[in-house]
Amino acid sequence: MIILGIETSCDETGIALFDTKRGLLGHTLFSQIEMHREYGGVVPELASRDHIRRIVPLISQALTKTDYTLTDIDAIAYTQGPGLAGALLVGASVGAALGFALNIPAIGVHHLEGHLLSPLLSTPAPQFPFIALLVSGGHTQLMRVDRVGQYQLLGETVDDAAGEAFDKTAKLLGLGYPGGAALSKLAEQGRPGRFKLPFPMRHSGDFNFSFSGLKTAVLTLIHQQPKDQQTYADIARAFQDSVTTVLIEKALAAVNESGLNQLVVAGGVGANRQLRHQLTEKANTSGITVYYPELEFCTDNGAMIALAGALRLEAAGFNKEAQKASTGSFTVRARWNLENITCTKV
Ligand code: KG4
Ligand code: ZN
């Protein structure tokens, strides 16, 4: 079965072709980051308009690159939510219309389900059940994943997401938007221990997080300290130490409490080198294996949506003839709780 995946929930237009027998055939991606940078954040209306411009050429490119044609596609999976309503509408409308025109099913996929399952694109892949740490620009969650469609929320951030905290702190350090990756680079030149920031909710006894206070602590430090490059690097290091320490401790505690021995890390912050390095090291000493998506699949992409769609269709016993083709109608869900989805609703 060949699935066309479409991702347009925020500021990346991502397209992919996934074969349930051969795996990922290829993908194309356009990031709008340059366009939003001058505004210091994503401008929703500009995002939707740009998705409209990019989506059809990117689908054509993905087909050309993989040497497939539209008629080879068996089903379409598009991101139905959560995300920016206008941006989601672009991918959902193109997916549903294409499904209708080709007389094949078009299903809506939960964006976070795509992130959660993205390490399954790599080899070796984790086996169900596992614990997942989802750390993106919009979410920070610990989930238990028993199988495709069965997700239990163990804990989440009570305020800012980890990626949001990286971005806001990066802005304070003059690193522009989105600054997560730049902050992490700067932190690598920083010296650990010169500054100590709080470790929010480290001992809260649950699996929740809080990151909004950290940026205030960073702001206070910036005001008190000299404004030289090494000081900024040391502050970045202190910030990164706080975030990664809390994420690592809580993620490993969640795995230990579950009695499982596999942890999956997904979402943009999963690209953070210090997080990867320290987490893998600590997990290995307690017999836990950590799985990460390839770096290019940590941030938003079409491959994870195609994969999630393929797994959901397979779990529901996909049969091209029996499956209802898209009627061309669709809905999007700007807010959508991952626990509320079930595998059979395809
Ligand atoms: O998963 P993603 O594309 O966003 C959402 O779906 O929300 O992740 C984007 C987030 C941004 O906040 C970005 O700053 C952060 O991931 N990020 C990083 C790194 N690379 C991207 N944060 C920390 N370290 C990195 N290397
Ligand atoms: Zn995402």
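Colleague: Which loop holds P129?
Modeller: This is a predicted model, where local features need pLDDT of at least 70, side-chain atom pairs count only at pLDDT 80 or more, and totals for chains, interfaces and linings use all residues. Residues are numbered from 1 along each chain as its sequence is written, chains are lettered from A and ligands numbered from 1 in the order in which they are written, and side-chain values use heavy atoms, without hydrogens and water. Helices (H or I, at least four residues) and strands (E, at least two) are DSSP runs numbered from the N terminus. On that scheme, P129 sits in the loop between α4 and β6.

Colleague: What is the omega of the bond between F128 and P129?
Modeller: Most peptide bonds are trans. The bond that joins F128 and P129 is cis. Its omega is about -5°.

Colleague: Which residue does a cis peptide bond join to P178?
Modeller: P178 lies in the loop between α5 and α6. A cis bond with omega of about -15° links it to Y177.

Colleague: Is D67 buried or exposed?
Modeller: D67 lies in the loop between α2 (44-66) and β4 (75-81). Its phi is near 65°, a positive value in a residue other than glycine. Buried means under 20% relative accessible area, exposed over 50%, and partly exposed in between (1.4 Å probe, protein chains only). D67 has 71%, so it counts as exposed.

Colleague: What is the relative accessibility of M201?
Modeller: M201 is in the loop between α6 and α7. Its phi is positive too, near 60°. M201 counts as partly exposed because its relative accessibility is 26%.

Colleague: How far is Y232 from Q189 in space?
Modeller: Y232 is found in helix α8 and is buried, at 17% relative accessible area. Y232 and Q189 are 43 residues apart in sequence. C-alpha to C-alpha, the distance is 9.5 Å.

Colleague: How much of the accessible area of ligand 1 does the protein cover?
Modeller: A polar contact here is a pair of N or O atoms within 3.5 Å. A polar side-chain atom of H111 is 3.3 Å from a ligand 1 oxygen, and a polar side-chain atom of D300 is 3.0 Å from one. On its own, ligand 1 has 560 Å² of accessible area (Shrake-Rupley, 1.4 Å probe), of which the protein covers 86%.

Colleague: How many residues of the shell around ligand 1 are charged?
Modeller: Of the 19 residues around ligand 1 (a heavy atom within 4 Å), G137, D167, G268, N272 and D300 come nearest. Asp, Glu, Lys and Arg count as charged. The shell has five nonpolar residues and 12 polar ones, and the charged ones number two.

How values were computed:
A polar contact is a pair of N or O atoms within 3.5 Å; within protein, one must be able to donate a hydrogen and the other to accept it, and residues adjacent in sequence count only if both atoms are side-chain atoms.
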